[in-house]
Amino acid sequence: MHYATLVTVEIEPCEEDMARATETQNLIRAIEVQKKKNPEHHIMLDIYQSEARMRSTAFSNRMAEEVDAVMEPFYSDTDNPDYLEFEDKTEEYRKAYETETVNLVRFPNGTVRTDHHCDVYCKYEIVDGRLYERNWGPLHHRKRTKKCKRMQVMEHVPYYKVYQTFEEFVEERYGTSYYEEQKAFGYYYNPDAFYDWYSIGGRWPDMFLVKDGCKEYGIADRSWTCADKETKAPEGYHWTCAARKKDIAWQAMYEWELEKAKQSFAKMSGWFAAGEVPDNTCLCIEENGIRRFGELLFRKGETENEYLERYANLKRKKYPLNIYAFLTEGIWTTVERFIPDGRNSRFEDNEDWEDELEQFIDGLDDETVLVSVDCHM
């Protein structure tokens, strides 16, 4: 899952190094030549080229470096010991070894496997003490084949009878390592993990609007998943993935969103009146409006003002950002909150989200750099 997030960094005014900029442009051109020579490697070359573009100006390069430092503590696969905690699973595994059971299958050649071994679960299943082949024949149904009848099922066998030692059980069942320094089986993990990879801009390289004369802004290529989606900026402005707070044209962004919403209402009402929606839009017309992925986007009989009241991107009039989370003082504040409640644990809407986001941006210094970061988890 990808999430649009807001990260802030502090950057001193940057002086452009023309020699470095020229060197970067030469690198970008060299990569372009290699892409033509080696089209089969274009994905990796595209990544290198995007990284070179991002670092082609002093400001954008510094922005990328600062974001790297800010994001490091939240990487799920980090090997930095400063961000890792050890999860001791020894007692949990020992309890399973001493009290839990497993089903066994003896193959015709005498080999014995547990029912969670790939030799068994990938092809067979146990039903009422009998072995069946799953997905058998052209109809892919369950069948008790001749081979299954030659195989023996042994149900509810204690683990301690299957494995001679506790260590053998852990290795076979869980594949978890033993750590000498901890004197325990377990693993290290990052309790603050928020992403397994991220990219600056990514699916949202057009988060902020700045005037064409702005000298300090971030550079990021759009993700390949939406490379053909270009957001046209109002005249005299351009979109960017990062800029100083003072340079972001917040009012122009809101007016752009408002105009887009009005155009959307005109299209929706026209499609509903005509009883037909364009192909490849994932929209469907119902008696009470137009729906997409279970959400009613347009309601029969509603006015433009009523439609605009529901338009999600207009909720944040002062800071019209369409994001999932923002990072402040080492904590991610998200549009939803996790409610721990045993088996009923769930996510609920963060009702204070709009106010928290506005207060956060209000409190930023005008020189603070706001960055759009595409987080994947």
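Arg244 stands opposite Val369 in strand β22. Strands (E, at least two residues) and helices (H or I, at least four) are DSSP runs, numbered from the N terminus. This is a predicted model, in which local features need pLDDT of at least 70, side-chain atom pairs count only at pLDDT 80 or more, and totals for chains, interfaces and linings use all residues. Residues are numbered from 1 along each chain as its sequence is written, and side-chain values use heavy atoms, with hydrogens and water left out.

β22 covers residues 369-376. Two strands pair if DSSP finds at least two bridges between them.

| Strand | Residues | Sense | Bridges with β22 |
|---|---|---|---|
| β1 | 2-9 | antiparallel | eight bridges |
| β11 | 197-200 | antiparallel | four bridges |
| β14 | 242-244 | antiparallel | three bridges |

Val9 has Val369 as its bridge partner in β22. Tyr198 stands opposite Cys375.

Eight of the eight residues of β22 are buried. Buried means under 20% relative accessible area, exposed over 50%, and partly exposed in between (1.4 Å probe, protein chains only). Val369, Val371, Val373 and Cys375 point one way. Leu370, Ser372, Asp374 and His376 point the other way.

**Helix α9**

Helix α9 holds 25 residues, 250-274. The expected span is 1.5 Å times one less than the number of residues. That gives 36 Å, and the end C-alpha atoms are 36 Å apart, so the two agree. Its buried residues include Trp250, Tyr254, Glu257, Ala261, Phe265, Met268 and Phe272. An α-helix has 3.6 residues a turn, so residues three or four places apart point the same way. Just after α9, Gly275 takes a positive phi of about 75 degrees.
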